[in-house]
Amino acid sequence: AEIPTAAISRLVTYLRILEQLETQDVSRTSSSDLAERAGVSAFQVRKDLAYFGRFGTRGMGYTVPVLKRELVRVLGLNQTWNVVIVGMGRLGQAIANYPGASDYQFQYAGLFDVSPSIVGQQIRNLTVRHMDDLKAFVAQNTVDMGFLAVPPDRAQDAAQALVDAGVRGILNFAPVVIQPPAENGAQEISDEWRAVIVENVDFLAGMKRLAFYILNPHLKDAPLT
Ligand code: NAD
């Protein structure tokens, strides 16, 4: 059965709340406590967790470290994820320099660009490589994800380069819809593209949604998370 994307987003929120509880030395929680902190209903919390198993004891709630460990496992955050960043301009450099990703096992394995002024630069502990070297790099190193931080009109081609190199997960920061190429004008999607997962991060889209909901607050369905 498919699981709503919003449920996975909420799992990430519950995990963040559990991390906060742990730093506050709170050892037990409940679906109603998590619900209040996440701004959703207790029924929603139980339903979201039930997709993946039974993590608490009826009437007893949850043990914070146990539920945290289970969510880390469900989300796959207990394994190493090797990431390449494609496009090392303002955003790519900001991402590479942001320390939060290493809280979990996200590791920047390679940084790529095409600009002669950026290729060869040292950022954190990595030297920015040219896109021409992407395929060979992915062949020789484990790469699980590619972050796309190139200009919008370069994003589709850069995504194609990632897919051609064998990368199957793309976090796209460019405000464009990444699409499988139409093969010979047919509707066929290649096996490579069929296996690709694209997640979009777009703060400009968030600004537009915010503008709409400030003007139409009564049309907002879900509470803030
Ligand atoms: P930038 O111009 O500073 O950097 C883009 C970099 O991509 C440059 O270094 C350029 O040389 C490189 N590049 C160009 N073509 C390439 C290719 N084919 N392969 C590899 N590298 C290539 O731009 P920026 O401000 O860092 O923005 C990058 C992208 O992120 C844009 O699409 C922008 O719209 C988007 N953006 C998204 C958010 C967000 O919240 N999602 C926020 C800001 C910017």
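Modeller: A residue is called buried if 20 or more other C-beta atoms lie within 10 Å of its own, exposed if 12 or fewer, and partly exposed in between, with C-beta atoms placed from the backbone. This is a predicted model, where local features need pLDDT of at least 70, side-chain atom pairs count only at pLDDT 80 or more, and totals for chains, interfaces and linings use all residues. Residues are numbered from 1 along each chain as its sequence is written.

Colleague: Which residues of α4 are buried?

Modeller: Val64, Leu67, Lys68, Glu70 and Leu71 are. They sit on the same side of α4, because they cover an arc of only 165° around the axis, the arc being that of the directions from the helix axis to the C-beta atoms.

Colleague: How do you know what span to expect for α4?

Modeller: The expected span is 1.5 Å times one less than the number of residues. For α4 that gives 16 Å, and the helix reaches 16 Å from its first C-alpha to its last. Gly76, with a positive phi near 80°, follows α4.

Colleague: What covers the buried residues of α4?

Modeller: The cover includes α1 (5-23), β1 (28-29) and β2 (62-63), where contact requires C-beta atoms, placed from the backbone, within 7 Å.

Terms used:
Helix = DSSP H or I, 4+ residues; strand = E, 2+ residues; numbered from the N terminus. Contact = placed C-beta atoms within 7 Å.
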